[in-house]
Amino acid sequence: MPVELSRADPGTESATDPAGSAQAVLEADGPWCTVVWNDPVNLMSYVEFVFRRYFGYSRLVAEQLMMQVHEEGRAIVSRGSRERAETDVQAMHSFGLQATLEKAGER
């Protein structure tokens, strides 16, 4: 099940406002994706924490992405320019998650 990805603005903690409505910042401006892969090491709660902390996703979006990683083996967690996706991949590695760069539509 695809998850709509909206990243929080820098300096904010969540991609949702206090009223609970999601900000309409959809990053579909590039043909590159950051893919996070399932691994036997990291706890589901930790993966959700990383998605919330780094991307600023709401709890609901982070949980949906984490479940997608867990059940389908992978999830696209960000989209954008190649540089942005590379930065996101490196960030996921720094958190100990397995992530790769993928051109959109390759799979």
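Colleague: How does Phe 95 count at 24% relative accessibility?

Modeller: The relative accessibility of Phe 95 is 24%. This is a predicted model, in which local features need pLDDT of at least 70, side-chain atom pairs count only at pLDDT 80 or more, and totals for chains, interfaces and linings use all residues. Buried means under 20% relative accessible area and exposed over 50%, with partly exposed in between (1.4 Å probe, protein chains only). Phe 95 therefore counts as partly exposed.

Colleague: What is the geometry of the pair formed by Tyr 54 and Phe 55?

Modeller: Side-chain values use heavy atoms, without hydrogens and water, and residues are numbered from 1 along each chain as its sequence is written. Rings of Phe, Tyr and Trp (its six-membered ring) pair if their centres lie within 6.5 Å, with planes under 30 degrees apart counted as stacked, over 60 as edge-to-face and the rest as tilted. For Tyr 54 and Phe 55 the centres are 4.8 Å apart and the planes at 85°, so the pair is edge-to-face.

Colleague: Which residue is buried, with a relative accessible area of 1%?

Modeller: Tyr 54, at 27% relative accessibility, counts as partly exposed. The residue with a relative accessible area of 1%, and therefore buried, is Phe 55.

Colleague: Which residues form one aromatic cluster?

Modeller: Tyr 54 also forms an edge-to-face pair with Phe 95, at 6.5 Å centre to centre and 70° between the planes. The cluster consists of Phe 51, Tyr 54, Phe 55, Tyr 57 and Phe 95.
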